[in-house]
Amino acid sequence: MVQPAPKGLQRKRNMREILVEGKLISEEQYKAAEEVSKKDGKPLQQALVDLKVIPELKLLKVLADEWGFKAVDLSKIQVAPEIVQLLPEQLARKQLCVPFARQDNAMFLAMSDPRDFLIVEDISLRTGLDVKPYLALSHWVLKVVDGVYGKQDSAQVAQLVESVQQSQSQAKADGSEESFSLAATEEKKDISDVDASAPEVEKLVNAIILGALSIKASDIHVEPFEDANNAKNSKVLVRYRVDGMLRAASFTIPWNFRQAIAAKIKIMASLNITERRIPQSGRIQIIAKGNPIEFRVEMVPTVYGESCVMRILDRASVRVDIKIMGFMPDTEKKLLDQFAGIGGKKNFGLVIGCGPTGSGKSTTLYACLNYVNRPDIKIITAENPVEYNIDGIIQVPVNPDVKLGEGKKFDFASALRSFMRLDPDVIMVGEIRDEETAHIALEAAMTGHLVFSTIHTNDAPSALERLTQMGLPRFVVANTMKAVLAQRLARRLCKDCKEEGDPTPEELATFEASGVKVPAGAKLFRAKGCDVCKGTGYKGRVGMHELLVLNDEIRLQLLKDPSAIPVKEIAMKYGMRTIAMDGLEKVLMGLTTVKEVLGGAAEKE
Ligand SMILES: [Zn+2]
């Protein structure tokens, strides 16, 4: 006779043993469920329920009784997102478990297999919470996870591309747009509701877009690459920009779809589909997961065919709150001080954001607008394009490149001129890129308006120099400018995997050269890489700010000599941190790395 194992180590029967040997279902039924589970990639428990071989609640109860755990019926409870988020998405999906309640130091964890005490221990270690395992059916666990983190789009995208590749042999994809019937005006429907009967091209375009949304990409690049020597190597490459870095999609598009894809995108963006030699730009509005999302689309002819770049203008996903933009406390205070006493024409002048494209300067300006936005303040903006909607603000799209009949166009300058008649308190002009706009912006600032704008220079002192170079009198610039904020973005270290270490001699030299003191014994963090950050070591971005606030001494200097170098010296004397200095402070705070700061600060226009 076999000795029974000591209590606690007793082997618990697995699902097959419980269900088949317990005569609850037949061996055949179990095998069928196993097959469905393997084929459709869904959990076995779900397959059993879907095949209706055992009712959901009965399955839950039987397993709970057998394994000796309490069960939780997740279909009956509403779990708060902040509870679900106690566990990272990847971990929840991989281990099929989700927290459903929390009390003091205890986390109540719904698990598809609570017998696995290693997972319980692991989660307890990661979260520092006392994990109370409960049994739940795996598909309900996934439903709760999906509800908070969104559906797992990457799997969906892969499936879409695969289905197209399978049916490719039958598809008449000879590369000409005529072989696809693409309606010019299409009813907007939610692209995340995958329609298996949709034309292949539409499936592919939807897959490309869904792929971008699932990894929170800011841009999508769709580019044809032809290998003349080996046709098999020719492909349409899809790349996504995430946190400023381009990364290849997990799939490529079959080469013979290249023209059809370009045509489909052009139709969606209301562009001329027969024009393939000159660049075109337009917009696409789609609905994904019930949210409207807008893309700016640029089609560019290349030697291999048309390339397409889509920038996502996801209005819902942007939270433009100045308090969470990563300003150093003293910089934030100096900036917000500029907006004190606004209203009644008492606070006026020009505030400029500068930095290259993609430095986050417009987002910061939106945050400033949000900050000054109150019911009694009238705010008007002229933007190209309107990137985010802000409640209570009049936002006017301008397009300098579109002519409105004989010699007329609606550009920043003409928008500004018409704004002055509307008597606002605050005006934002998307960009000062010519002398005319610069003149009117300063005129508006002189006549009692608080004006925000951006200019394309690398640092704050250069913005002042640039304005004088645009033909504006020095005394106007000196008397009207309030502040210039230069900005860059550095990738933010993933807080789940960053590693602490001693500063290297090179790093110390960088600090020394920038005049940022490293406290004795200070540690720096470095990128490592984990599941959460997809192995990059970074997640999200952090701003580096250089705020120049004009004072009497700087104004005098501008009258004498508006060159950037002497102005910068004075500004630094009054406590201005350069972008590199601000970045290095953030390195000391463990937010980013020296390498990122140097890369971001050196970025050229
Ligand atoms: Zn990480």
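Colleague: In the open sheet of 7 strands, what is the strand order, and how does the pairing run?

Modeller: The order is 12-11-13-14-10-15-18, and the pairing is mixed. Strands (E, at least two residues) and helices (H or I, at least four residues) are DSSP runs, numbered from the N terminus. Two strands pair if DSSP finds at least two bridges between them. Before we go on, remember that this is a predicted model: local features need pLDDT of at least 70 and side-chain atom pairs pLDDT 80 or more, while totals for chains, interfaces and linings use all residues. Residue numbers start from 1 along each chain as its sequence is written.

Colleague: Which strands are at the edges of that sheet?

Modeller: Strand 12 (394-397) and strand 18 (538-549), each of which pairs on one side only. From one strand to the next, the twist averages 20 degrees. E383 has P397 in strand 12 as its bridge partner.

Colleague: Which helix lies across strand 10, strand 11, strand 13, strand 14 and strand 15?

Modeller: Helix 13 (residues 361-372) does, and it runs at about 170 degrees to strand 14 (450-455). Such angles run from 0 to 180 degrees between N-to-C directions, with axes fitted to C-alpha atoms, for helices over the stretch in contact. Two residues are in contact if their C-beta atoms, placed from the backbone, lie within 7 Å.

Colleague: How do I read a helix that has a buried side, and which residues of helix 14 are buried?

Modeller: Start with the count: a residue is buried if 20 or more other C-beta atoms lie within 10 Å of its own, exposed if 12 or fewer, and partly exposed in between. In helix 14 (residues 412-420), F412, A413, A415, L416 and F419 are buried. They cover an arc of only 160 degrees around the axis, so they sit on the same side of helix 14. The arc is taken over the directions from the helix axis to the C-beta atoms. These buried residues pack against strand 11, strand 12, strand 13 and helix 15 (435-446).

Colleague: Which residues of helix 18 are buried?

Modeller: E507, T510, F511 and S514, in a helix that spans residues 505-514. Viewed down the axis of helix 18, the buried residues fall within an arc of 95 degrees, so they line one face of the helix. P505, A509, E512 and A513 are exposed on the other side of helix 18. Just after this helix, G515 has a positive phi of about 75 degrees.

Colleague: Is V201 buried or exposed?

Modeller: V201 counts as buried because it has 25 C-beta neighbours inside 10 Å. This residue lies in helix 10 (residues 200-214). The C-alpha atoms of V201 and R258 are 9.6 Å apart, although 57 residues separate the two along the chain.

Colleague: How is a pair of packed helices described?

Modeller: By the angle between their axes and the distance between the axes. Take helix 19 (residues 552-560) and helix 20 (residues 564-573), whose axes come within 10 Å and cross at roughly 170 degrees. These two helices are therefore roughly antiparallel; the label applies to angles over 145 degrees, with under 35 roughly parallel, 65 to 115 roughly perpendicular and the rest oblique. E553, I554, Q557 and L558 in helix 19 meet P566, V567, I570 and A571 in helix 20.

Colleague: How many nonpolar, polar and charged residues does that contact have?

Modeller: The contact of helix 19 with helix 20 has 6 nonpolar, 1 polar and 1 charged residues. Ala, Val, Leu, Ile, Met, Phe, Trp, Tyr, Cys and Pro count as nonpolar, Asp, Glu, Lys and Arg as charged, and the others, Gly among them, as polar.

Colleague: What is the order of the open sheet formed by 3 strands?

Modeller: It is 1-2-3, with mixed pairing. Strand 1 (97-103) and strand 3 (130-135) each have a single partner strand, so one side of each has no neighbour in the sheet. Strand 1 and strand 2 (residues 106-111) pair in the antiparallel sense over 6 bridges, and A101 has F108 as its bridge partner. Helix 7 (residues 117-127) packs on this sheet and touches strand 1, strand 2 and strand 3.

Colleague: Which strands form a hairpin with 2 residues between them?

Modeller: Strand 8 and strand 9. Strand 8 (residues 291-302) pairs with strand 9 in the antiparallel sense over 9 bridges, and R296 has R311 as its bridge partner.
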